Amino acid sequence: MSALDEYRKKRRFGRTPEPAAQRKKTANGRLFVVQKHRASHLHYDLRLESDGVLKSWAVPKGPSLDPKVKRLAMAVEDHPVDYAEFEGVIPVGEYGAGTVMVWDRGTYEPEGDGNVAASLAKGDLKFRLHGAKLKGSWALVRTRNQQWLLIKHRDEHAASEDITLTAPLSVVTGRRLADIAADEGGDVAQAATGDP
Ligand code: MN
């Protein structure tokens, strides 16, 4: 099974505006994005480019800058690299229906031997983020099956502030979830429940 088969099978591309399942590589091959997604539940999707796709985790509470806080991150299907551009509305009745915001985006660098695929297979990836909101050293550690923990390492970018509350807007358009829903014909009231 190729990496994007599951992504493709879950979606009807005539109905959802999400990008097609196509492998590609960015210039440095190390794109990261965090998408805030008000679907049936609010969550934050962390995606790291590796071998032509975005490895993806759904983080219900979003990232924490506090090294004492371990955030549950559920591994989900690989997404196409083009998904990092997607901000909009997934229509009612489609997989992941709701409003999607590009909450943070940038590049990352793996720490250690630099082999992202091998680190993920082992269930322990350490990496540095170069985003607008998220910076410095982080870890993703698998606890069992699809269940991982996202943890901020202690460094100059660690903080006690709740970044999901202090920086709630789209890093690309400056919109709230409710603004995106209003602009793209989505459910504004539902989207607004994800705005602080
Ligand atoms: Mn999602």
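## An exposed loop residue

You'll find Asn 145 in the loop between β8 (135-144) and β9. Strand and helix names here come from DSSP runs, numbered from the N terminus, where a helix is H or I with at least four residues and a strand is E with at least two. The phi angle of Asn 145 is near 45°, which is a positive value in a residue other than glycine. Most residues other than glycine have a negative phi.

Before going on, a note on what you're looking at: this is a predicted model, in which local features need pLDDT of at least 70, side-chain atom pairs count only at pLDDT 80 or more, and totals for chains, interfaces and linings use all residues. Residues are numbered from 1 along each chain as its sequence is written, and side-chain values use heavy atoms, with hydrogens and water left out.

At 56% relative accessibility, Asp 51 is counted as exposed.

Then there's His 41, which sits in the loop between β1 (31-38) and β2. His 41 is exposed too, with a relative accessible area of 60%. If you look for Leu 169, you'll see that 128 residues separate it from His 41 along the chain, while their C-alpha atoms are 18 Å apart.

## The manganese site

Which residues hold the manganese ion? They are His 37 through ND1, His 43 through NE2 and Asp 45 through OD, at 2.2 to 2.3 Å. A donor here is an N, O or S atom within 2.8 Å of the metal (3.2 Å for Na, K and Ca), and water is not among the atoms, so sites may look incomplete. Along the chain, the donors follow the spacing H-x5-H-x1-D.

## Aromatic pairs

How many aromatic pairs does the structure hold? There are six. Rings of Phe, Tyr and Trp (its six-membered ring) pair if their centres lie within 6.5 Å; planes under 30 degrees apart count as stacked, over 60 as edge-to-face and the rest as tilted. Take Trp 57 and Trp 148: their ring centres are 5.6 Å apart and their planes meet at 75°, so this pair is edge-to-face. This pair links distant parts of the chain, with Trp 57 in strand β3 (residues 53-59) and Trp 148 in strand β9 (residues 147-152), 91 residues apart. Trp 57 is buried, at 3% relative accessibility, and Trp 148 is buried as well, at 4%.

Tyr 83 and Phe 86 make a tilted pair, 5.5 Å from centre to centre with 55° between the planes. Tyr 83 is buried with a relative accessible area of 2%, and Phe 86 is buried with 8%. Both belong to one aromatic cluster, together with Tyr 7 and Phe 13.

## Buried aspartates

Asp 78 lies in strand β4 (residues 70-80) and counts as buried, at 12% relative accessibility. The side chain of Asp 78 is joined to that of Lys 55 by a polar contact of 3.0 Å. Such a contact is a pair of N or O atoms within 3.5 Å; within protein, one must be able to donate a hydrogen and the other to accept it, and residues adjacent in sequence count only if both atoms are side-chain atoms.

Asp 195 is in the segment after α5 (188-192). With a relative accessible area of 14%, Asp 195 is buried.

## One cavity

A search of the whole structure turns up one cavity of 30 Å³ or more. A cavity is a set of points on a 1 Å grid over the protein atoms alone where a 1.4 Å probe fits but cannot get out, and lining residues have an atom within 4 Å of a point. The largest cavity has a volume of about 50 Å³. Its lining includes Val 34, Tyr 44, Trp 138 and Leu 150.

Note on methods. On a 1 Å grid over the protein atoms alone, a cavity is a set of points where a 1.4 Å probe fits but cannot get out, and a pocket is an open set with protein on both sides within 12 Å along at least five of seven lines; lining residues have an atom within 4 Å of a point. Grid points are joined across faces, edges and corners, and a volume is the space filled by probe spheres set on the points. Buried means under 20% relative accessible area, exposed over 50%, partly exposed in between (1.4 Å probe, protein chains only).
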